[in-house]
Amino acid sequence: MEVEVALRRVQIGDHAEVLAVFAAAFPQSGVEELAITEALWADSATVAAGCLVAMVEGAVVGAVIASTAALHPGGGRAVGLGPVAVLPRLQGRGIGGALVRASLEALSGEGVVVVGLLGDPGFYGPQGFVAASDRGVKAPVETWGAHFMVNATAPHLEATFVYHHAFGVDAEAT
Ligand SMILES: CC(C)(COP(=O)(O)OP(=O)(O)OC[C@H]1O[C@@H](n2cnc3c(N)ncnc32)[C@H](O)[C@@H]1OP(=O)(O)O)[C@@H](O)C(=O)NCCC(=O)NCCS
């Protein structure tokens, strides 16, 4: 069945529905993803342009969160992408990919230089991401390897990516 999907920025009134999508989509009911997202909101650390919901018939069915991040040494504005999820019953219809691409485009339009994420290269590669090491960007956690990715449009930098502390991964700045 074809569904009509609309993407728009997250509004405060969407928060409960966004958390419900994460709870449904992630293992262990999204405990970690919910905690991170709530901590980002509490700290006003989300980046509005990159936080999007996918709507079907007036309900939130997918969401992507973008948050302030840093590069050490500094190399321009950096944003962390994620969590991102789509309700299980609507996965595999292009909604997740559309959310990620739209978020990336909006962030680029706002002058964000590096968008970093931890995820499956099989999904994020086609959405415009490459292994961060291809751009000289070190992951906050070395063992993330090729699963730590940045936007393909990022310049070559010799820097370490640092997430907002809500993620609980404190990179050692070099
Ligand atoms: C990952 C997720 C957001 C993708 O959303 P989706 O709407 O199902 O994805 P799409 O339909 O846009 O898929 C785009 C492409 O990526 C592929 N893909 C989707 N999930 C994938 C995965 N986990 N690994 C590899 N490829 C994946 C699809 O097969 C599709 O390929 P195609 O265009 O060749 O058919 C969704 O499956 C989800 O919510 N998963 C649970 C939560 C999660 O793991 N989030 C990501 C954390 S990094």
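Start by selecting strand E6 (residues 129-131) and strand E8: the two run antiparallel and 3 bridges join them. (Strands are DSSP runs of E, at least two residues long, and helices are runs of H or I of at least four, all numbered from the N terminus; two strands pair if DSSP finds at least two bridges between them.) Click on valine 130, and you'll find valine 150 in E8 standing opposite.

Before moving on, a word on what's on screen. This is a predicted model, where local features need pLDDT of at least 70 and side-chain atom pairs count only at pLDDT 80 or more, while totals for chains, interfaces and linings use all residues. Residue numbers start from 1 along each chain as its sequence is written.

Now jump to helix H1 (residues 15-25) and pick out Val18, Val21, Phe22 and Ala25, which are buried (20 or more other C-beta atoms within 10 Å of their own, with C-beta atoms placed from the backbone). They sit on the same side of H1 because they cover an arc of only 95° around the axis, taken from the directions from the helix axis to the C-beta atoms.

Last stop: the ligand. 17 residues surround it, and the closest are Gln91, Gly96, Gly97, Gly119 and Gly122 (near means a C-beta atom, placed from the backbone, within 6 Å). Strand E4 (78-86), helix H3 (95-109) and helix H4 (121-124) each give two or more residues to this shell, and E4 gives the most, with 4.

Key:
Buried ≥ 20, exposed ≤ 12 C-beta atoms within 10 Å, placed from the backbone.
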